[in-house]
Amino acid sequence: MKLLKDRVFVIAAAILSLHVLLAVFGEWLAPFPFDEMQFMSTLSGPDATHWFGTDQYGRDVFSRVLVGGKTTLVFGFGAVAVCFLIGLPVGLASAYYGGRVDQALMRVMDVLMSFPTLLLGLLILIIAGPDMVSLIVAVGLVYCPRTARIVRTAALNVRQSTYIEAAQARGESGAYIMFRELFPSAVGPILVEFCIRLSYAILLGASFNYLGLGIQPPEADWGALVQEARSTMIRAPWTVLFPILFISTLVAPLHLMADRIDDQLKGGKGA
Amino acid sequence: MEILKSIVLRLGYTALILLCVSLMVFAVTELLPGNVITMILGTDATEEEVRRLTALMGLDLPAWQRYLNWVGSAVQGDLGTSLRMQQPISGLLLQRMGDSLVLASVAFVMVAVGGILIGLITALFEGTRIDRYISGIAAIGTSLPEFVTGTVFVLIFAGGVFSWFPPSGYGGLANGLGPALHQLFLPALTLSIVLMAYVGRVTRTSTIDALRSDYVRTARLKGVPEWKVITRHVIPNAFVPTVTVLFMNIGWMVGGIVVVEAVFVFPGIGRLMLFAIAERDWPLIQACALAIAAIYVFSNLVGDLLALWLNPRLRVEGR
């Protein structure tokens, strides 16, 4: 794997792994319960007890950021799972069957895409009510047409290969060819799409939470933390700085990794 | 008449999309939890009152008939009455849309100027430290959501470090252009960052391509001065993709504007929509969603047509 020799890719992957570890062990690592209010020490700056300071209710920002990370990653991966659950079969079928099937599937995706992403998500959240599952479904549905298109393009590139013809000659089923032949050959671009989609899913989900339309208190992801700290951020910048730092360092590596994988696929040496 | 055919096709497609959009918006409010009648009258209304209001609001009609009524009056400019604000939605919506349009226009100018400058500078200094730093910052810019960039701008420029700009609010153009622009600067900048970085990257690539082209080499060999090579040969050719991307992404701002308006407490259509959602004011939700979607669809249409006009190669494929 050339990627493992790419310093940028390795660092990005390391930061991403660190985020995943922090999310998994966050609740255990957190020095305080994330919703414990200490009215004796509200809006106190970072110190030895409260590494990231406290918010307006005296809640430990470090603990809240750690627990919020888990929430953020759960809806990020959840939404991407929904995205691929729909986008992968649709994209593969479009590429494999072509013709009318392709036309019909892509027109439906076009209609979904002709909505502004945020508005479509808002409408879904209005119907489904604000909670984690709705958030995952809303973000997943909003982005699935884009995933479907990328998968379709990637699969089309290998559609005409002889081993597809061979599989057809063997009499394999459409599903077998799509998932066992087309998918593995197109996995590179799909992996790039996965990284990009995960970053956008996290950003869109966090934006909904910022707007107060996703998960509800006492649960809080990084978007909700920034929202909660709106009124206090000038007096106590640490209440917003740490959530912002965490979301930025989670999303940036995803973009970098996607770029690097893409460069490798194109056989270039990278910019 | 290939071009005319693709324009007509595109117009038909837009009409179809608008139809789908209106159906979806209507369906959403149909599925909205919470009975509207109990919301207006409260839970202790008599059965007689409930029946009268249901008939008055036309809620006893079948769904398809209500949809047609709704679309029919919407086309004539009547979007109903807001449940919470007790006033006709059309006037309210127009005013808020006007303010959002001003915000989006300022952001668009920023995207155009900023994106082109970023692209030109990074291309002319390709491979140097200037290129790497600016490209790096632009890459970060594309990967951050509006609520993060907006919050960071407030922290730096509106109270945290400097107090150059107000952190929120907008008084409209009535107070003069100067104060309005002062209030618009940070929200517009926030709205423009992602697209600015994107336009910058596109301009960088196309400028580098133009710089390496044969016609630029010929011009240089002829002894044309470098500034003239850039203004006469590089820029006109490099800007076709830039302008195309610029216009094709106007619609993109429509989504971002909702978050930006929330961050900066800007009284535009996005905040009106959020208000409507929070208050479960369904005629207002319908109207806002329809307006936002229509603006999006139409700006995409304008963008596509402009792209078609600018780039003849797109005309062959059609739609």
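How many residue pairs are in polar contact between chain A and chain B? The count is two residue pairs, both at pLDDT 80 or more. A polar contact is a pair of N or O atoms within 3.5 Å; within protein, one must be able to donate a hydrogen and the other to accept it, and residues adjacent in sequence count only if both atoms are side-chain atoms. This is a predicted model: local features need pLDDT of at least 70, side-chain atom pairs count only at pLDDT 80 or more, and totals for chains, interfaces and linings use all residues. Residues are numbered from 1 along each chain as its sequence is written, chains are lettered from A and ligands numbered from 1 in the order in which they are written, and side-chain values use heavy atoms, with hydrogens and water left out.

**Interface of chain A and chain B**

- Chain A puts 34 residues in contact with 40 residues of chain B (contact means heavy atoms within 4.5 Å).
- The two chains bury about 3100 Å² between them, and 82% of this lies on carbon and sulfur atoms. Buried area is the accessible area (1.4 Å probe) that two parts lose on being put together, summed over both.
- Zero salt bridges are found across this interface (a side-chain nitrogen of Lys or Arg within 4 Å of a carboxyl oxygen of Asp or Glu).

**Aromatic pairs**

- Over all chains, the structure holds 19 aromatic pairs. Rings of Phe, Tyr and Trp (its six-membered ring) pair if their centres lie within 6.5 Å; planes under 30 degrees apart count as stacked, over 60 as edge-to-face and the rest as tilted.
- A:F52 and A:F242 are stacked, because their ring centres are 3.8 Å apart and their planes at 5°.
- This pair links distant parts of the chain, 190 residues apart: A:F52 sits in the loop between helix 1 (7-29) and helix 2 (61-97) of chain A, A:F242 in helix 10 of chain A. Helices (H or I, at least four residues) are DSSP runs, numbered from the N terminus.
- A:F52 is buried at 12% relative accessible area, and A:F242 is buried at 19%. Buried means under 20% relative accessible area, exposed over 50%, partly exposed in between (1.4 Å probe, protein chains only).
- A:Y210 and B:F147 also stack, with ring centres 4.9 Å apart and planes at 20°.
- That pair joins two chains, because A:Y210 lies in helix 8 of chain A and B:F147 in helix 7 (residues 146-157) of chain B.
- A:Y210 is buried at 2% relative accessibility, and B:F147 is buried at 0%.
- Ring pairs link a cluster of A:W51, A:F52, A:F62, A:W222, A:F242 and A:F246.
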